[in-house]
Amino acid sequence: MSRLVLLALLVACRRPAPAPPEGAPRTAVLVVLDTTRADAPTYAGGRAGLTPRLDALAAESRAFTEARSAAPWTLPSHATMFTGLAPHEHGCHGGTLAFDGRVPLLAERLAEAGYRTGAFSNNPWVSEHTGLLAGFDTVVDVFPRSHNTARGVSRFADPWRVGLADAGAARTVASVDRWLDAAGEAPVFLFVNLIEAHLPYDPPAGWAARTLDPAPTIAEVRAFNERWLVDAHAGRLDAEERRRARALYDAEVAYLDARLGELLDSLAAHGRLDEALLVVTADHGEAMGEHRVDGIDLVDHQLGVHEELLRVPLLVRWPGRVEPGEEDRPVGLAQVAATFLEAAGLDGPAGVPDLFSPPDPDRPLTADYQPPHVHEDVLSAYVPDEALRRRLAARGWRAVRRGRWKLAVPDDGPPRLYDLAADPGETRDLAGGADPELLASLRAALPPPHEGSTGSVAPETVEPSGGGGRAARSSSPRSGSAPPARSRG
């Protein structure tokens with residue numbers, strides 16, 4: 001028997017792929033606008049006219065205004081969205097830098113249920129290299145990882161000199177359009193990560209003019225990015241630098257909004273948008289110097305768990321199934337996995353409700369920043385004091401939010417307690433005079449202490465302290481090779 005005949009027989013005898021159950025969405029889409037703050041879109045109080053496509057989408061969606069990430073950077077946050085588990089449960093965080101496959105990922109579950117699965121990632125922390133894209137039939141890595149470790153480290157440590165244009169989102173949308181063509185009428189699960197809002201704030205030509213007048217030159221933008229980071233780590237940011245940084249960041253968000261609009265148009269052109277379960281969110285926010293720790297102004301999204309890092313936009317659109325409207329109850333990105341799985345007729349992660357389950361005011365939302373996400377040698381470019389570098393590089397944070405209260409605990413110091421209803425900016429630490437029972441109940445809901453942590457502070461030693469925070473760069477994933485320029489998490 002010829003090989004061609006044998007192959008034909010094998011194909012003919014192959015069991016057909018299962019089909020999703022009746023009532024499941026034919027099209028499921030998760031879009032992550034990397035590094036987008038909750039307050040960036042116009043509909044959420046951002047700059048007027050900045051995000052017309054997000055604003056229109058929000059009007060047609062359930063808009064969760066108090067959504068929070070489980071971690072302030074890409075790798076553990078995406079792992080939580082893909083598993084429904086907290087970082088200490090899925091084990092993909094700063095202490096491991098890769099997912100070990102201990103549980104099936106969202107795409108694996110949906111693929112087994114009959115969905116074609118496609119991942120289009122602009123961030124190499126979300127890649128086959130880090131183990132997070134298991135289950136995707138198609139993977140498009142828009143900014144592929146350098147295989148040259150030395151070159152990769154150089155690019156990572158000095159991203160604004162690389163000259164990468166913010167064209168990843170454009171290439172991504174074009175790739176998605178071709179993939180939808182090939183999918184035909186098959187059920188699909190589509191995941192897209194768009195990274196342009198990430199540092200450096202280097203909007204494509206013409207976009208900075210939307211938020212700055214006069215529009216800066218490319219050289220001026222790159223010089224500003226370098227000065228911004230140096231001044232932040234020296235603790236000398238001024239109001240004009242903060243204003244300019246936010247304007248450049250907003251220009252990046254405006255660009256993302258336009259590309260998101262093109263993605264939505266592509267889904268509509270393929271007859272999928274109005275049948276889709278569509279979730280649009282961010283993996284984490286971004287600090288703009290709101291807080292200071294150890295003399296450092298906190299920018300970027302490392303070294304802490306403040307609200308500007310954890311609060312994210314979250315829109316869910318499913319015409320005919322989800323009523324549009326605004327919800328201000330706290331929800332977590334762990335619930336994203338449960339929402340997709342239950343919509344597809346599958347069991348979600350144990351104990352994790354989907355986004356439309358009845359609210360539970362006592363359910364805690366936790367966040368975890370595990371070292372060594374930031375390496376001391378990376379901080380050395382900005383922080384001259386060796387002892388401070390070591391503290392920052394080794395300091396992890398754990399946090400829990402329940403109702404109006406948030407407890408944030410560093411590995412090397414006393415807890416901070418904030419009343420988010422009265423103090424959403426986390427400017428007043430109330431731990432020193434707090435009710436011991438309140439503190440004890442919040443501490444009991446924290447993620448477990450980090451291995452080797454020195455931060456197991458007894459309740460009786462709690463002292464008042466100022467707002468904490470952090471800023472820096474991330475280390476590389478497995479094998480010692482660093483992610484390329486825009487991928488510090």
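**View 1. Leu-260 sits in helix α9 (residues 239-269).** This is a predicted model, in which local features need pLDDT of at least 70 and side-chain atom pairs count only at pLDDT 80 or more, while totals for chains, interfaces and linings use all residues. Residues are numbered from 1 along each chain as its sequence is written, and side-chain values use heavy atoms, with hydrogens and water left out. Helices (H or I, at least four residues) and strands (E, at least two) are DSSP runs, numbered from the N terminus. Leu-260 counts as buried because its relative accessibility is 1%; buried means under 20% relative accessible area, exposed over 50%, and partly exposed in between (1.4 Å probe, protein chains only). Leaving aside residues up to four places away in sequence, Leu-260 touches Val-31, Leu-33, Leu-54 and Val-280, where contact means heavy atoms within 4.5 Å. Look for Arg-53 here too: 207 residues separate Arg-53 and Leu-260 along the chain, yet their C-alpha atoms are 7.3 Å apart.

**View 2. Helix α11 (residues 334-343) is largely enclosed by the rest of the structure, because 9 of its 10 residues are buried.** The buried residues of α11 are Ala-334, Gln-335, Val-336, Ala-337, Ala-338, Thr-339, Phe-340, Leu-341 and Ala-343. Their packing partners are the helices α3 (74-83) and α5 (106-112), together with the strands β1 (27-33), β6 (188-194), β7 (277-281) and β13 (331-332).

**View 3. Four strands make an open antiparallel sheet in the order β14-β15-β16-β17.** Two strands pair if DSSP finds at least two bridges between them. β14 (365-369) and β17 (416-419) are the edge strands, each with a single partner, so one side of each has no neighbour in the sheet. On average, neighbouring strands of this sheet are turned by 15° against each other, direction ignored. Axes are lines fitted to C-alpha atoms, for helices over the stretch in contact, and angles run from 0 to 180 degrees between N-to-C directions.

**View 4. Strand β16 (residues 405-410) runs antiparallel to β17, joined by 4 bridges.** Leu-407 stands opposite Leu-417 in β17. Helix α14 (residues 436-444) packs on the sheet, where α14 touches β15 (397-402), β16 and β17, and its direction makes about 65° with that of β16.

**View 5. The whole protein has 14 helices and 17 strands.** Of its 489 residues, 58% are buried. Among contacts between residues at least 6 apart in sequence, 75% join residues at least 24 apart.
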